[in-house]
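Take a look at the model below. Then follow the report from one part to the next.

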Amino acid sequence: MRIRAAVLRHPSKPVEIEEVELDPPKVGEVLVRVAAVGVCHSDVRHADGDLGPGRWPAVIGHEGAGVVESVGEGVTHVAPGDHVALCFVPACRSCRYCLAGKPNLCETVAEHGARGMLMDGTSRLRLPDGTTLQHGLRTACFAERTVVAAGGAVRIPAELPLWQAALLGCGVVTGMGAVRNVARVQPGQSVAVLGCGGVGLQVIAAARLAGADPIIAVDRVPEKLELARAQGATHAVDAAEDVSPASSIRQLSDGGVDYAFEVIGRPETIRLAWDAIRPGGTAVVVGLVPDGVEATVPAVEFLSDKSLVGTYYGSGDPAAELPGLAALALSGELDLAGVITHVDGLEGVEAALDRLRRGEGARTVLLVDRALAGYD
Ligand SMILES: [Zn+2]
Ligand SMILES: [Zn+2]
């Protein structure tokens with residue numbers, strides 16, 4: 001079928017909405033009519049070529065929600081009409097990482113995903129001239145419809161508006177997982193969050209739900225620090241004004257925080273996270289650092305039991321956790337609407353990427369189908 005989608009032809013060119021061909025779902029795949037998609041900083045990394053070479057031409061977009069339109073052979077966990085959030089790591093459940101309880105690191109997904117293919121190693125997307133298009137992050141959801149691996153379509157309650165549910169599959173899973181699965185923050189522990197964009201705000205919300213205190217938000221944009229306070233930050237440090245954010249964090253936390261979350265993806269802020277933690281503390285790098293960039297820390301400080309750890313996609317079982325996260329949003333404990341600073345149509349994708357490049361606002365949600373998304 002012919003659909004409209006955001007195509008990345010080359011990182012030197014803006015992403016444009018084009019007509020492309022989408023083939024029907026094969027065995028173990030699901031066709032989803034996309035309602036809404038969040039625009040995430042990883043989309044900027046993809047669009048700018050920072051994920052490394054060979055990641056185009058592609059339909060990009062990975063943080064979406066919609067309604068199942070049809071299912072391929074063998075798919076039983078969802079049916080047409082079901083509301084789903086998209087999960088960009090549709091774990092195979094049989095590789096060594098999946099069997100070891102690390103489905104976020106699924107080897108099968110990594111193998112085909114790096115080439116932008118679905119789980120059988122092929123694509124359902126083509127340009128009208130026949131050129132194969134990659135499925136950006138296996139999700140390709142800056143589009144009216146998408147075909148995803150069955151594990152990438154996770155059923156959620158229909159009561160949760162899809163324009164909010166869109167955020168579950170990247171920002172929420174990633175931010176909540178960093179706090180719950182990686183740091184395992186306990187009540188009363190101190191937390192700093194560097195970068196208060198779409199994912200950072202979810203880290204703050206998760207820290208609040210975990211009972212962390214203080215929760216120190218750091219950003220260069222006052223508007224984002226306000227959003228951080230609304231999500232539960234107890235203190236805000238404006239890194240554009242503050243000459244030494246690390247000293248400020250240490251002062252506010254009696255000598256350093258238990259956990260610092262870096263949610264930007266830059267060497268300087270990884271170093272800041274390291275400098276902000278106390279002896280025995282842990283710096284968690286959540287941000288996506290461009291391919292080829294290195295980060296350094298003064299290694300003598302490993303002697304004070306400090307840890308620097310990474311995380312990918314929440315470091316848990318994203319598909320299994322999504323329904324619980326949807327329930328938290330439905331109960332009001334998680335405020336998804338509150339982190340959405342802009343809404344637009346699908347054609348607003350490049351403008352949304354530009355806002356992220358400028359560090360402006362938190363999340364833009366593109367309403368691909370305004371009525372289906374349940375907006376207004
Ligand atoms: Zn993302
Ligand atoms: Zn696997």
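## Terms and ground rules

Helices (H or I, at least four residues) and strands (E, at least two) are DSSP runs, numbered from the N terminus. This is a predicted model, in which local features need pLDDT of at least 70 and side-chain atom pairs count only at pLDDT 80 or more, while totals for chains, interfaces and linings use all residues. Residues are numbered from 1 along each chain as its sequence is written, chains are lettered from A and ligands numbered from 1 in the order in which they are written, and side-chain values use heavy atoms, with hydrogens and water left out.

## A loop residue: V289

V289 sits in the loop between β15 and β16. Its relative accessibility is 23%, so V289 counts as partly exposed. Here buried means under 20% relative accessible area, exposed means over 50%, and partly exposed lies in between (1.4 Å probe, protein chains only).

What does V289 touch? Leaving aside residues up to four places away in sequence, V289 touches G265, R266 and I270. Contact means heavy atoms within 4.5 Å. V34 is another matter: its C-alpha atom and that of V289 are separated by 28 Å, and the two residues are 255 apart along the chain.

## The zinc site

Three residues coordinate the zinc ion (ligand 1): C40 through SG, H62 through NE2 and C170 through SG, at 2.0 to 2.2 Å. Donors are N, O and S atoms within 2.8 Å of the metal (3.2 Å for Na, K and Ca); water is not among the atoms, so sites may look incomplete. Along the chain, the donors follow the spacing C-x21-H-x107-C.

H62 and C170 link distant parts of the chain, 108 residues apart. H62 is in the loop between β4 (58-59) and β5 (63-71), and C170 is in helix α5 (residues 168-183). H62 has 1% relative accessibility, so H62 counts as buried. C170 has 5%, so C170 counts as buried too.

Ten of the eleven residues of strand β3 (residues 29-39) are buried, so β3 is largely enclosed by the rest of the structure. Two strands pair if DSSP finds at least two bridges between them. In general, strands of a sheet pair through backbone hydrogen bonds, either parallel or antiparallel.

β3 runs antiparallel to β5, and eight bridges join them. β3 also pairs in the antiparallel sense with strand β9 (residues 145-149), over five bridges. With strand β18 (residues 363-367), β3 makes an antiparallel pairing over four bridges. V30 has a bridge partner in β5, V71, and one in β9, V148. For G38, the bridge partner in β18 is V365.

## The six-stranded sheet

An open sheet of six strands has the order β13-β12-β11-β14-β15-β16, with parallel pairing. Its edge strands, β13 (235-238) and β16 (307-310), each pair on one side only. Neighbouring strands are turned by 20° against each other on average, direction ignored. Axes are lines fitted to C-alpha atoms, for helices over the stretch in contact, and angles run from 0 to 180 degrees between N-to-C directions.

Strand β12 (residues 215-219) and β13 run parallel, joined by four bridges. A217 has A236 as its bridge partner in β13. Helix α9 (residues 267-276) lies across β11 (191-194), β14 (257-262), β15 (277-285) and β16. α9 runs at about 150° to β15.

## Helix α6

How many of the twelve residues of α6 are buried? Ten are, so α6 is largely enclosed by the rest of the structure. Among them are V199, L201, V203 and I204. The buried residues of α6 pack against α5, β11, β12, α7 (222-231), β14 and β18.

α6 (residues 198-209) reaches 17 Å from its first C-alpha to its last, close to the 16 Å expected at 1.5 Å a residue. The expected span is 1.5 Å times one less than the number of residues. G211 follows α6, and its phi is positive, near 85°.

## Aromatic pairs

The structure holds six aromatic pairs. W163 and Y375 form one that is edge-to-face, with 4.9 Å centre to centre and 85° between the planes. W163 lies in helix α4 (residues 162-165) and Y375 in the segment after α12 (370-373), so the pair ties together parts that are 212 residues apart in sequence. Rings of Phe, Tyr and Trp (its six-membered ring) pair if their centres lie within 6.5 Å; planes under 30 degrees apart count as stacked, over 60 as edge-to-face and the rest as tilted.

W163 counts as buried at 13% relative accessibility, whereas Y375 counts as partly exposed at 23%. F88, Y312 and Y313 form one aromatic cluster.
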